[in-house]
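Dear colleague,

Please find below the structure I am handing over to you, together with its sequence. My notes on what was found in it follow directly after.

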Amino acid sequence: MTGSATSGATPPGHPRDDRDDRADRNDCPERADHAERAAVPRARVGHNDYGTLLPPDLGEWEPRLRVSVVIPAHDCQEALDRTLAGLAAQTYPAHLVEVVVSDDGSDPPLRVPEIAPASTRLVRVPEGRWGRGWARQTGAATAAGDVLHWVDSDMILDREHVEAHMRWHHLVPYAVVMGDVRFTPDGAAPSAREVLSAVDAGDAEKLFDESAPHEWRAGVLEETRWLRDAGAGAYRLHSGATTSVPVALLRSVGGVNTTLNMGEDTDLGFRLAQAGAVFVPDPRARAWHLGPSTVMIREKEVHRHNWSVLPDLIPDLRWLRTHPRRAWLVPYVHVVVDARGASYEDVRASVDSALAGTLVDVAVTVVGPWTDLPAGRRPSLDEPLLDLRLVRNLYVHEPRVSFTEEAPACSAPAPFRLTVPAGWALGADSLAELVKLAESEEYGLLSAALDEGASGVRAARFERTAAFARAALVSEGPGGDGIDDAVHEMFGSLWVSAAEVGVTTADEAEPVAGDTARWRADSARWKREAESLKDEVESLRAETDRLRAEAGRLAAERRRGPLGKITSMARRLGKTG
């Protein structure tokens, strides 16, 4: 390979590959002019619009980063042989590649076949542990590369697949790259040697009579210009089938959740998004999945399973968090209140109002010198830090409130964070309004002006976690641009008044009162009463119709006179006789 990481290339989402006419159907507009495409390690990608980056042409650049290909596998020696055969014919330099097969308790144990990359090695999931989460994390923990590339054990990769992934990682340290996977019908599979020969010749697609993309994924890509317009929801296409991520970024979020045996890729994608990742689907990174996936075969069952677990971990799945009172493991909004130097009443007003809003999946952190509170004998009413003590007393058993000495550096994996000074109270809809406003343009920062003093304007800050994480990745440190400036450049920021989002002083705020359960009970009672009244109205309407008909009959008899009455009587007697 020759050239540099900034050389010209066909933009992703609109490839030109003579071997695949699908290229003409990937309708993705051209990106900005070359002069505007700054391909530097700290390039600033706004939202998920990776179109400002320019990857090099395949085969026309010099790679330098090492990649660890991790394959979680269980009782699938034949499929693994094919996957390793495809990896043995990759264009990415072999000395920069290691392959780690993570054996998830196979019996008999998996082995490295004859046809495999020279650097292939096996690791085994610890005894007593099992599942996809453990298999992925076991392999990842041993990775020595700069980039970790997940590959499922039933995949066949095109010869340029790994190279297509890696060119993005040479541009920015926060790219998560996803390959273009097509699914083949069930049936006879090629041998490992046939795979090696076809991939090495660049004819991998000829191994299969037909193949097709996942319909849902293809639809999302089409609707979002290949995720460039997907914004904060781009992570939902994250899949472990063939996805690559910088090792440093993966480890910064804690790696793979080993408690999950399904849905672990979605959970990881969400956490990577909160860490500042940009998700890049590259159509040049072609791959084939042998047979349909489990989701394609048993979609409803997969959702039934995963939707019992993921709501606790991914607050962005709002349709799964409809319960009016539940507490969730990961909050949607993390509220930080500084109690240092504030009165007990002011802190209580801020914390109580945050917990009592219409947006219920909230966690609050109260900042203060908690270790300074004495544990021994003390004057109960006259101790120096009495207000701090009272705050601690009030919330020590509230599961949604925590205490810390210093404000946490970030709120990940919670998607949003509100920092509000003690003494300012949120309205019932304040958090919901802030979320709505932030989502309207996917702002990275909202600042609500509270008051102004000698030191300037005091504000409540509503921060998008992903935006500040990415800003930290692209900023040059203390001597570089400010984090807020970087957030504004990549995601946008906005100032509003406190009144616009219902924030007031503690003195002006309405007392926190009321019970949503009682409101729901009242609503149910009113509904029952309304149904009862509806039935009564229908009964009265029927009686009215009967009386109206009887009145009409009597009126007709009067008009006919005595003879009419006799005739009418005779008719009635005839009916009863």
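A crossing of two helices is called left-handed if the near helix is turned anticlockwise from the far one by less than a right angle, and right-handed if it is turned clockwise. Helices here are DSSP runs of H or I with at least four residues, strands are runs of E with at least two, and both are numbered from the N terminus.

The model is a predicted one, in which local features need pLDDT of at least 70 and side-chain atom pairs count only at pLDDT 80 or more, while totals for chains, interfaces and linings use all residues. Residues are numbered from 1 along each chain as its sequence is written, and side-chain values use heavy atoms, with hydrogens and water left out.

Helix packing

Two packed helices are described by the angle between their axes and the distance between the axes. The axes are lines fitted to C-alpha atoms, for helices over the stretch in contact, and angles run from 0 to 180 degrees between N-to-C directions. Angles under 35 degrees count as roughly parallel, over 145 as roughly antiparallel, 65 to 115 as roughly perpendicular and the rest as oblique. Contact means heavy atoms within 4.5 Å. As for residue classes, Ala, Val, Leu, Ile, Met, Phe, Trp, Tyr, Cys and Pro count as nonpolar, Asp, Glu, Lys and Arg as charged, and the others, Gly among them, as polar.

Helix α11 (residues 344-355) and helix α12 (residues 386-395) cross at roughly 25°, and their axes come within 9 Å. α11 is therefore roughly parallel to α12. The crossing of these helices, α11 and α12, is right-handed. On the α11 side, Tyr-344, Glu-345, Val-347, Arg-348, Val-351, Asp-352 and Leu-355 meet Asp-387, Leu-390, Val-391, Leu-394 and Tyr-395 of α12. This contact of α11 with α12 has eight nonpolar, four charged and no polar residues.

Helix α1 (residues 77-87) packs on helix α4 (residues 192-200) at an angle of about 25°, with the axes 8 Å apart. α1 is therefore roughly parallel to α4. α1 passes α4 in a right-handed crossing. Here Asp-81, Arg-82, Ala-85 and Gly-86 of α1 meet Ala-192, Val-195, Leu-196 and Val-199 of α4. The residues of the contact of α1 with α4 comprise five nonpolar, one polar and two charged.

For helix α14 (residues 465-474) and helix α15 (residues 483-490), the axes come within 9 Å and cross at roughly 115°. α14 is therefore roughly perpendicular to α15. The crossing in which α14 passes α15 is right-handed. α14 contributes Ala-467, Phe-468, Arg-470, Ala-471, Ala-472 and Val-474 to the contact, and α15 contributes Ile-483, Asp-484, Ala-486, Val-487 and Met-490. Nine nonpolar and two charged residues, with no polar ones, make up the contact of α14 with α15.

Pocket and cavities

On a 1 Å grid over the protein atoms alone, a cavity is a set of points where a 1.4 Å probe fits but cannot get out, and a pocket is an open set with protein on both sides within 12 Å along at least five of seven lines; lining residues have an atom within 4 Å of a point. Grid points are joined across faces, edges and corners, and a volume is the space filled by probe spheres set on the points.

The largest pocket has a volume of about 1,700 Å³. It is lined by 49 residues, of which Arg-132, Ser-239, Asp-265, Ser-293 and Val-295 are the closest to its centre. Among the elements that each supply at least two residues of this lining are β1 (67-73), α2 (132-141), β6 (175-183) and α7 (264-274). The lining of the largest pocket has 20 nonpolar, 18 polar and eleven charged residues.

There are three cavities of 30 Å³ or more. The largest cavity has a volume of about 240 Å³. Of the 21 residues that line the largest cavity, Gly-231, Ala-232, Ala-273, Arg-464 and Ala-466 lie nearest its centre. α7 supplies the largest share of this lining, three residues.

Backbone

Cis peptide bonds join Asp-107 to Pro-108, with omega about 5°, and Ala-412 to Pro-413, with omega also about 5°. Pro-108 is in the loop between β2 (97-103) and β3 (120-124), and Pro-413 is in the loop between β12 (401-404) and β13 (416-421).

Yours sincerely
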